Amino acid sequence: MKYRSLVLGLLCFIATALAYAQEPSEKQTEGNEDYLEFNDRNNVVHGVYLGLTTAVGELDGEDTFIGGLKLAYVANQQFEAGFEGKFFYSDQNRFNPALSRQEDLIGAYMGLHLEPILFSKRKVNLSFPVLIAAGGVGAIGDDFNDDDLEEEFDEDDIDAIFVLEPGVSALFNISRYLQLEAGIKYRFSSTFSIPSSPVTRINGFSAGIGIKVGVFNLGRNRYKKNIQ
């Protein structure tokens, strides 16, 4: 499937980014000879951002599309903590004989976002995000529209789920206000029961990209003097 090629490509991309992050740039190695740091205070750098993500993956072997929104605090460019919500749509296309229609799965979950960061002083960082969340999943007709969306569900069509979603990401520091990310994640979920669907978990891989907008280095130390 196409998403598997995307997952493989992102894995190679993250590995390349990691290699780049570990190597000091020419500017860093040479620039240290041109500057004298005359303030050695150990200041803590803070940050906060709003992030948008989009991903594709699979659920029970079928294509699944995922969108996310998160708000997080960044501690010293080394650890993130915040809240994240995700919405997914899975093209299951399974026939429900009770309603004589083809159905897909739709759902959302929200919870605690945690993300340790390595190589935080580089242009490219490596991180390991984890989402601990709760939400719901339901079956919906594949020909639904916005006008009858409220009539699509009843209590039998929806069930609660708990989700644990770890992953690995490459973070690209474009500026102190903008960061891009690309990564791979895997969903582990509790079981759910929907009479019209044989699917009982939303487990599966996903690969995606995202953008973070905020301020990532409030309080950074700028006490350096250029040596002429």
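Strands here are DSSP runs of at least two residues, labelled E and numbered from the N terminus. In this predicted model, Ser189 sits in strand E9, which covers residues 178-189.

Next come the empty spaces inside the protein. Rolling a probe the size of a water molecule over the atoms shows where empty space is left. The count comes to two cavities of 30 Å³ or more.

The largest cavity holds about 140 Å³. It is lined by 16 residues, and those closest to its centre are Thr53, Ala55, Gly183, Lys185 and Gly208. Strand E9 turns up again here: along with strand E2 (46-59) and strand E10 (204-218), E9 supplies at least two residues of this lining. Sorted by class, the lining of the largest cavity has six nonpolar, seven polar and three charged residues.

The second largest cavity has a volume of about 40 Å³. Its lining is made up of Gln92, Arg94, Glu103, Asp104, Leu105, Ala139, Ser196 and Ser197. Strand E4 (79-96) and strand E5 (101-118) each bring at least two residues to this lining, with E5 giving the most, at three residues.

How values were computed. Residues are numbered from 1 along each chain as its sequence is written. This is a predicted model: local features need pLDDT of at least 70, side-chain atom pairs count only at pLDDT 80 or more; totals for chains, interfaces and linings use all residues. Side-chain values use heavy atoms; hydrogens and water are left out. Helices (H or I, at least four residues) and strands (E, at least two) are DSSP runs, numbered from the N terminus. On a 1 Å grid over the protein atoms alone, a cavity is a set of points where a 1.4 Å probe fits but cannot get out, and a pocket is an open set with protein on both sides within 12 Å along at least five of seven lines; lining residues have an atom within 4 Å of a point. Grid points are joined across faces, edges and corners, and a volume is the space filled by probe spheres set on the points. Ala, Val, Leu, Ile, Met, Phe, Trp, Tyr, Cys and Pro count as nonpolar, Asp, Glu, Lys and Arg as charged, and the others, Gly among them, as polar.
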